[in-house]
Amino acid sequence: MPLKRPLGSPGFHAGEHVTFNPLKSSNIEGAHYDPATRTLTVKFKSGTAYRYHDCAQHHYDDLCQAESPGKHFRAKIKGAFKFAKVET
């Protein structure tokens with residue numbers, strides 16, 4: 001079942017509804033991609049979430065399909081894109 005973030009949650013635009021795709025990972029809870037803004041949001045099991053900017057769709061697809069999403073994230077996403085912490 002996808003993780004849902006309620007409308008108007010801090011860190012998300014008012015009226016925005018974000019559904020995270022759950023990932024099988026010891027560290028990452030789920031991910032969401034917005035093709036209109038080219039942003040990838042990754043939510044960690046700690047409760048912290050980060051939004052990665054100017055990120056192509058294939059990065060989200062690859063993360064979701066990775067055998068180890070955590071290893072893929074560290075190798076291909078972390079440090080490769082501008083990012084901002086998202087209040088959840």
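How are helices H1 and H2 oriented to each other: roughly parallel or roughly antiparallel? In this predicted model, H1 spans residues 57-65 and H2 spans residues 69-77. The two helices pack at an angle of about 150°, with their axes 8 Å apart. Angles over 145 degrees count as roughly antiparallel, and H1 and H2 are therefore roughly antiparallel to each other.

H1 contributes His59, Asp62 and Leu63 to the contact, while H2 contributes Pro69, His72, Phe73 and Ile77. By residue class, the contact of H1 with H2 holds four nonpolar residues, two polar ones and one charged one.

Phe73, one of the contact residues of H2, is buried, with a relative accessible area of 5%. Leaving aside residues up to four places away in sequence, Phe73 touches Ile28, Val42, Phe44, Tyr52, Leu63 and Lys78. Leu63 is also among the H1 residues that make the helix contact.

Gly79 is exposed, with a relative accessible area of 74%; the cut-off for exposed is over 50%, and for buried under 20%.

Phe73 and Gly79 each have a C-alpha separation to a residue elsewhere in the chain, as tabulated here.

| Pair | Separation in sequence | C-alpha to C-alpha distance |
|---|---|---|
| Phe73 and Ile28 | 45 residues | 9.1 Å |
| Gly79 and Tyr52 | 27 residues | 9.7 Å |

Terms used: Residues numbered from 1 in each chain as written. Predicted model: local features only at pLDDT ≥ 70, side-chain atom pairs only at ≥ 80, totals over all residues. Heavy atoms only, no water. Axes fitted to C-alpha atoms, helices over the stretch in contact; angles between N-to-C directions. Helix = DSSP H or I, 4+ residues; strand = E, 2+ residues; numbered from the N terminus. Parallel < 35°, antiparallel > 145°, perpendicular 65-115°, else oblique. Contact = heavy atoms within 4.5 Å. Nonpolar A, V, L, I, M, F, W, Y, C, P; charged D, E, K, R; others polar. Buried < 20%, exposed > 50% of the residue type's maximum accessible area, 1.4 Å probe, protein only.
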